[in-house]
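Hi,

Here is the model I promised to pass on.

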Amino acid sequence: MAACTPAALVVPALVRNLAELTDADVVYCQPTPRGLAVATSWPRREPGHVLAADLAGLAALPDVAAEPVAGGGGLLVAAPGRGHERDRQALRETAVWVGVAIRLEGLRAARDRAAVRAARLDAELASARERLAEVRDLERRRLVGAITALAGRDFADVRERVERLGDAFTTRAVEELKDGLDGLLDTFRTAVRGVHPAMLPDRGPRAALEELVAVLRRPVRFGGDLGRRVGWEVESGFYHAAAAVLNLVAAENATTPVAVDFARAHGELAVDVTAPGWTAPVERLRADLADDAARLAVLGGRLACTASEGSAHVSIRLPERIGPAPADGAEDGPAHRLRVQVHDLVELGWWAASPGDRDRWAAVADDLGRAPRLAVVGPGRRAVVGALLGGDAVDAGGPVWYAYGQDAVEPRRGAEDRVVVRRRAEVLRGLTVLDVPGAAEQAVARLLAADPGTGAPTADAVLCLAPPTAGFRAELRLGRHRVDVIEPGAVLRPALALVASTLTDERYRALRAGAPEVGRLTGDELRVAVAAARDADSTEDLARVLARESGLVELRRLLAARLLVRADLIAARRGLVSATEAVRALPGGHPMRWEVERVRAAAHEVVELDLLDEVERSAIVPPDLRDRVLRLLGAHGPAAHTRLDLPPGADAQWLGSAARAEAEWWRARGGHPATSSRVREVCEVLVRSCEGLVWDGPPGAPGAPGAV
C-alpha cells in the first residue's frame, strides 16, 4: 500500500493507527526553521504548531516517548503514567514505516522527474533521427545532382570534341580534346573534394578551404584563426557548410575578393563570409543554402544570410563539441560551471602558448572533454567488466579499453599496449571502462597514475576487487592527479553478477530445473541462483534478484555516486592540474600564470573533493564527526538537502536556515581553543561549503558568501 499511496495519506493513517494501539496522543513532527512543528497528529490538532527546538528536547519531557524518523522529524507518543514495552515497540515500528512512506514519496517524485526527462529525451532522439534521415536524403540528392551536372555538361563537351576528332584527326583537335579531358578531371576532383577533402583530416578546415578556392573563379581572402583542432565530425560539418557558401559566392569571375574571416569564441567555431558586388536577392542565397543549413542544424549549428550595401554576408556557427544534453539542473550546478571555466582557461592558454607548446594545451582540452575512466583490477575482473557492460568481455591478452560506439574492435596502434573495444552499452555513455590485468600492486598503480602522452592520469578511479597493497595506494598518492580507489568488498560476486547481467530465457529455465552447471556458476553461487530461480516468475524477475544478490546493484550505485555524479568536477580538477603544469612554459610575468592561479584559488569544489578523499582515508577528524563531515562534503550526494540531511522537499527558506545553523556550528567548532590546526582548516572549508549551498543571488543577499 505504501508503494502506491501518497505519503500525505499513509502518514496520517499510521499516526492514527498508533494512537489507537497505544490509547495515547500521537504526533508526527517535522523540522522547520523555527524548530520541530506538528505535521499530523491524532487526535487532530492544528498543523504547524512548534513543539520544541529539536527531538531531544521533546524526548526529555515526562510521559513522552520519541522516536526519530528517517528523512527528518520524529514520532511522539504522549501517554501519562504509561510506558509499556509493547507501546514502545509499536512506536519504533511505526516510525520505520513513516520513514519508508516519506522516502517513497521522494523516490516517486524523482521517478516522475526522470520519466519527464526520459520522455523529453525520447522526443529529442526521434526528432534528431528524423532530421538525420532528412539530411542524408539531402546529401544524397546533392551528390546525385553534382554527378548529373558533371555528366550532362562536361561529358557532353568531351563527347562533342571526340566527334570532331573523328571527322578531322589534327593536332589542334587532339589538343582541344586534351583540354576538355583536363577540365573534366578538374571538375571531378572538385566534386570529390567536396565529399571527402584530402586536406581536412591532416590540416583542418582552413587548409581544406584554401585548397578548394584554388579552383574557383573569384579570389578569396582568408583571415582570423580557428584555434586548436576539434573532433572530426565538427570539422567536417563546418568545412562542408563553408565550402557550400564559397562555391556559390565565388563561382563567377570578379576582381573583388571574397572575405572569409574565422574566429572562435564561447565554445563555437565561427566563419563570416562577405561577397562584395552581390546582386542576386538574398532570398535566393538562403534557398540555395537551405540544405546546408539543415545539415548544420543537426550538429547544433546555424547558418544565416543577410545583404547590405551591395554585399552578401553569410555567417556560420557550430559548437566545438557535440554531445548529449546534460542532466536536468546539471548545467546550472557549480561543478559544471567550474568545468566550463576551466575549459575557457585552457582556450586562453592555447592562444597564449608558443606554436611548439600548443599541442600540449590541445591535449589538455581534449582530456577535459572526455568521460571518466574506470580501471578494473583484481580477481574476477573480466566477469565484473562483462556485468557492467551487459555482455562478455574480450580476452585480448592485455589491457582492453571499452568506449561507447558502434560495435567494433580497434587493434593496437603503434606502441600502444591496449585494445579499444566499442560497444553500445548504456554504462559506456558516461564511463570508459578499462580491463587491466594484474593485481592492485605498485606496478599497476604506476601504469594507471599517469599517461606520458598528455600528463593526465590513465584512469580516474580504480575498482579493486581485492584489497590493494600499501604500495598501490602510496604510488597513486604520489601523482598530482587524483585517482580514486573504490573497493566493493566481499558483497560483490563477479560470476553471479555476470549471469544477472546476461541472463537469457534458456538459462532461466535451466536454473529453475536445477541444472548442475549454468554458464560460469559453481558452488554457493549456483545454489543461490537456483533457489532464486525457483521463486522468480520470469527472466526479468530473476535478473533483478540476482543483480541484488550478487552486489551488482550496489556496485552500480557506488560507481554512480563516486564517478558519474562527480564527472564534471573530476574533469575540472584534472584540467586545472594539467593547466598548472602547462603554464610553467610561459614567461614568469605572463598574465596566464595569474589567471590559472585565480581559478585554482576560487575552485572550492576541488578543495571539497580533496578534503573528502583525505577524510575517507585518514583520521583527521574525530570519529563522532566523520559521518557529518562526509555528508556535508557531498559523499552521499551533491544536492543541498542531502548535504544538510534534510528531506528532498525542503524549500529554499528551510535550506537557508539549516545551512546558516550548520555554518555557525562549524565556525564555533573551529574557534574552540582545543581544536587542532588541521581540524580548524577543515572547519573553515565546511563553513565555506555551507555558504555556497544556498547562494543564488547578488553579493550581500541572504545566503550569499559572507552573509551566513
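Before I go on, the ground rules. This is a predicted model, so local features need pLDDT of at least 70 and side-chain atom pairs count only at pLDDT 80 or more, while totals for chains, interfaces and linings use all residues. Residues are numbered from 1 along each chain as its sequence is written, and side-chain values use heavy atoms, with hydrogens and water left out.

Back to Ser550. You'll find Ser550 in the loop between α18 (539-549) and α19 (552-564); helices (H or I, at least four residues) and strands (E, at least two) are DSSP runs, numbered from the N terminus. The Ser550 side chain comes to 3.4 Å from the backbone nitrogen of Leu552. Once neighbours within four places in sequence are set aside, Ser550 is in contact with Val491, Leu492, Arg493, Leu496 and Ala497 (contact means heavy atoms within 4.5 Å).

Now the overall picture. The protein chain has 26 helices and 17 strands, and 44% of its 708 residues count as buried. Taking the contacts with a separation of 6 or more, 62% are between residues 24 or more positions apart.

The part I'd look at next is the open sheet. Seven strands make it up, in the order β13-β14-β12-β15-β11-β16-β17, with mixed pairing (two strands pair if DSSP finds at least two bridges between them). β13 (408-410) and β17 (484-486) are at the edges with a single partner strand each, so one side of each has no neighbour in the sheet. From one strand to the next, the twist averages 20°. Within this sheet, β11 (residues 373-377) and β16 (residues 461-464) pair in the parallel sense over four bridges, and Val376 has Leu463 in β16 as its bridge partner. Helix α12 (residues 381-389) lies across β11, β12 (400-404), β14 (419-423), β15 (432-435) and β16, at about 140° to β11; axes are lines fitted to C-alpha atoms, for helices over the stretch in contact, and angles run from 0 to 180 degrees between N-to-C directions.

On to the cores. The largest nonpolar core has 47 residues, and Leu374, Tyr402 and Leu542 touch the most other members (a nonpolar core is a set of buried Ala, Val, Leu, Ile, Met, Phe, Trp, Tyr and Cys residues joined through side-chain atoms within 4.5 Å). Not counting residues up to four places away in sequence, Tyr402 touches a list of residues including Val385, Leu389, Val421, Leu431 and Asp435. There is also a second, separate core of 38 residues, with Val213, Leu269, Leu289 and Ile316 among them.

Then the antiparallel pairs. β1 (residues 25-32) runs antiparallel to β5 (residues 74-78), joined by five bridges, with Tyr28 partnered by Leu75 in β5. β1 is also joined to β2 (residues 35-42) by seven bridges, again antiparallel, and there Val27 stands opposite Ser41. Elsewhere, seven bridges join β7 (residues 258-265) and β8 (residues 268-276) in the antiparallel sense, including one that pairs Ala263 with Ala270. β7 and β8 form a hairpin with two residues between them, and His266 in the turn has a positive phi of about 55°. β8 and β10 are antiparallel too, over nine bridges, and Pro276 stands opposite Ser311 in β10.

The peptide bond between Trp42 and Pro43 is cis, with omega about -5°, and Pro43 is in the loop between β2 and β3 (50-52). Asp23 has a positive phi near 55° without being a glycine; Asp23 is in the loop between α1 (7-22) and β1 and counts as exposed because its relative accessibility is 64%. Glu309 also has a positive phi, about 50°, and is not a glycine. Glu309 is in the loop between β9 (302-308) and β10 (311-319), and counts as exposed because its relative accessible area is 84%.

Last, the cysteines. The structure has zero disulfides, a disulfide being a pair of cysteine sulfur atoms within 2.5 Å. Cys29 counts as buried because its relative accessibility is 0%, and Cys690 counts as buried at 0% relative accessibility.

Cheers

How values were computed:
Buried means under 20% relative accessible area, exposed over 50%, partly exposed in between (1.4 Å probe, protein chains only). A polar contact is a pair of N or O atoms within 3.5 Å; within protein, one must be able to donate a hydrogen and the other to accept it, and residues adjacent in sequence count only if both atoms are side-chain atoms.
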